[in-house]
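Thanks for coming, everyone. Please take a moment with the structure on the screen before I walk you through a part of it.

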Amino acid sequence: KKHRSYSTYNLPPGDFGIPVVGQTFSLLRSLRSNTDDQWFRARVKKYGPVSKMSVLGSPTVLLAGPAANHFIFTNENLALTQTRALRALLGRSILTLSGDELKQVRSAVQGYLRPEMVRRYVGKVDHEVRRQIKLYWVCHDTVTILPLARRLTLGVICSIVFSHEAAAIVEALAADFQFLGDAILSFPVNIPFTRFGKGMESSAKIRKAITRIAQKREDSLLQEGHAVSSTDFITHMLILRNQGAHSLTLEDIVDNVMGIIIGAHGTTSALITFMIRYLANEQDVLAQITEEQDEIADNKGTEDALTWEHVSRMKYTWKAAMETLRIVPPVFGSFRTATKDIKYQRYDIPRGWKVLAAQSITHLDSRFFNEPTKFDPSRFEKQSSIPPYSFLPFGGGPRMCPGTEFSRVEIMVVMHYLVTQFRWKLCYKDETYIKDPKPTPVFGLPVELELRRPPSTADASNAMSIQFNI
Ligand code: HEM
């Protein structure tokens, strides 16, 4: 029926494949075998930069190139699309709200993560990174990077968002955050022991624990009128609500805490994992990063925390991080839904259709990045030579990732301590990876670790002793 009603539309070329299933399995298979870039390129070669297909039961238009990316990320009639599973798991968060509520929450979250605020978080990030390196990395000959990076990034974001309950939350709920993250692309039928079923169970457990913290924060603001810590996200949201900046309920604020943690944790851990993987093989790059980081380490006391000024000096290390994001972006693409009939070039995109931008299409295009598969951080020396909307690891436009600056600080602090303290060798030199949908090394990236410099004696482990009854 729907097909017939499009007879007056100039639809993009392409096919919908097998009814209902369409190209879903073929695309998922390509992600799992890490051949998605070839998959997208084959479609662009066959149909051109605008083509239609069917993914997850929806007609979907694949758009390719910087102009198409600009269109997708800035067109006001294209709404961010989330899976049904994500909506069920994360409730009413920044990732799922729309209209005025979204505007209010975006502004609150952006305010919380703006550079002047992030500057205040550096000390806490430093503290948590050192604490975890001491606990889980030092004194181990072999470690598996992905699970350690996940624990590290969960600890870092929780230490900012919750302040003193963070360590207890991480200890009790790390596995649940993983189940929750894994369930986002699952089939949303709540059957126990399925990915989605486990995700829903974990979501309820996490929500319950965070709600108890949120209630405590609300009480202390009401009774004592003061904030628990300057970085606590729940207090930040409660104060904004008191000032009339938004009208979210306590439950909504809890959902947004979960949204921020989920946005932060899988992405930054993927970046750390793949940066470590590249640096194991790119000795010249590692040498340049080491020089930059040793200079910073040599000019501060061993017990001193890194500061914003130190992070600002880590220019080459950040270029290597961007190069990692270019070749292995943690988010493979962005889906949008047309909220009304729109046109791109000469083609119609009907209301309700999805639009997909895949990052690898421009990130790995030799017209924008010379020798695109080569790991070469120096290509970011002249940022102006990179065409706008061809490098988009953090998305773009009004829904661009609000955590960009925070990510930079986190990754730089992590790399500082890893590079100055360790050298590592991959246990499997050619370990491949899949996209699930985040890039995931098949064995989790085990490495042999060698201590290069002993860690400082500063004892950051007191956070471990904080007891919180979840
Ligand atoms: C390497 C690290 C990261 C990468 C590559 C990344 C990537 C992205 C991308 C591509 C989007 C936009 C998706 C779209 O438009 O379809 C996004 C959104 C988002 N990110 Fe990040 N992110 C990272 C780190 C973080 C961190 C550290 C936080 C929080 C502290 C965060 C919080 C969010 C949130 C809340 C959204 C949703 C924004 C909205 O829907 O308006 N991200 N991220």
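Predicted model: local features only at pLDDT ≥ 70, side-chain atom pairs only at ≥ 80, totals over all residues.

In which handedness of crossing does H15 pass H17? H15 passes H17 in a right-handed crossing, where right-handed means that the near helix is turned clockwise from the far one by less than a right angle, and left-handed means anticlockwise.

Residues are numbered from 1 along each chain as its sequence is written.

Helices (H or I, at least four residues) and strands (E, at least two) are DSSP runs, numbered from the N terminus. Helix H15 covers residues 315-327 and helix H17 residues 404-421, and they pack at an angle of about 110°, with their axes 10 Å apart; axes are lines fitted to C-alpha atoms, for helices over the stretch in contact, and angles run from 0 to 180 degrees between N-to-C directions. The two helices are therefore roughly perpendicular, a term for angles of 65 to 115 degrees.

Now to the sheet, which is open and has five strands in the order S1-S2-S8-S5-S3, with mixed pairing; two strands pair if DSSP finds at least two bridges between them. Strands S1 (50-55) and S3 (78-80) stand at the edges with a single partner strand each, so one side of each is left without a neighbour in the sheet. S1 runs antiparallel to S2 (residues 58-63), joined to S2 by six bridges, and Lys52 stands opposite Val61 in S2.

How values were computed. Parallel < 35°, antiparallel > 145°, perpendicular 65-115°, else oblique.
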